[in-house]
Amino acid sequence: MDWVSDVLLLSGALGAALYCAMLSRRLRRFTDLEEGVGSAVAQLALQAEELEQALGRAGGAAKDQAARIDSASARAEAAARRLELLMASLHDLPEPPGTEMPERAPARPVFIKEPAPARARG
């Protein structure tokens, strides 16, 4: 009976050793920097850094565009005020002789005659 328990104990130890070797190989492949998850993590870190730089550039460009829009809006408002002032000053000027508009006769209404409905023959 002793030899049966020794064989079972030996086979269990060999099975555990094989299982540990298999897990070790899997873990080594998993953390490999060229093909495994380590590579994916390194690529993600690189992409995150590139994205952060792109966001910084986009933010700077957006601030520049906002400043341009603000200055264009201010210029447009100043031009609109000048135009309003010019339009108001035109109302104060007398009209030169001979530029009066001739009076026109009121327009006459136009009636459109609808065709008579077709009669059904029976």
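Is K63 buried or exposed? K63 is exposed, because its relative accessible area is 66%, and the cut-off for exposed is over 50%. The model behind this value is predicted.

## Overall form

The protein holds 2 helices and 0 strands. Its radius of gyration is 45 Å, well over the 14 Å that the globule rule gives for 122 residues, so the protein is more spread out than a compact globule. Along the principal axes, the C-alpha atoms fill a box of roughly 135 × 75 × 20 Å.

Buried residues account for 2% of the 122 residues. The protein exposes about 12300 Å². Carbon and sulfur atoms supply 63% of that area.

## Helix α1

Helix α1 covers residues 2-30. W3 sits in this helix. W3 counts as exposed because its relative accessible area is 62%. M1, W3, V4, V7 and L8 make a nonpolar surface patch of about 600 Å².

R25 also belongs to helix α1. This arginine is exposed, since its relative accessible area is 52% and the cut-off is over 50%.

## Helix α2

Helix α2 spans residues 37-92. K63 is placed in this helix. Its relative accessible area of 66% makes K63 exposed.

K63 can be set against T31. The two residues are 32 apart along the chain. Their C-alpha atoms are separated by 43 Å.

## After helix α2

K113 lies in the segment after α2. K113 counts as exposed because its relative accessibility is 80%.

K113 and D32 are 81 residues apart along the chain. The separation between their C-alpha atoms is 89 Å.

## Charge

The protein has 15 positive and 17 negative side chains. The centres of the two sets lie 13 Å apart.

Terms used
Residues numbered from 1 in each chain as written. Predicted model: local features only at pLDDT ≥ 70, side-chain atom pairs only at ≥ 80, totals over all residues. Heavy atoms only, no water. Helix = DSSP H or I, 4+ residues; strand = E, 2+ residues; numbered from the N terminus. Buried < 20%, exposed > 50% of the residue type's maximum accessible area, 1.4 Å probe, protein only. Patch = residues over 30% accessible without salt bridge, like charges linked within 9 Å, V, L, I, M, F, W, Y side chains within 5 Å. Areas by Shrake-Rupley, 256 points an atom, 1.4 Å probe, with all protein chains shown as cover. Salt bridge = Lys/Arg side-chain N within 4 Å of Asp/Glu carboxyl O. Rg over C-alpha atoms; globule rule 2.2 N^0.38 Å. Lys, Arg positive; Asp, Glu negative; His and termini not counted. Charge placed at Lys NZ, Arg CZ, Asp CG, Glu CD.
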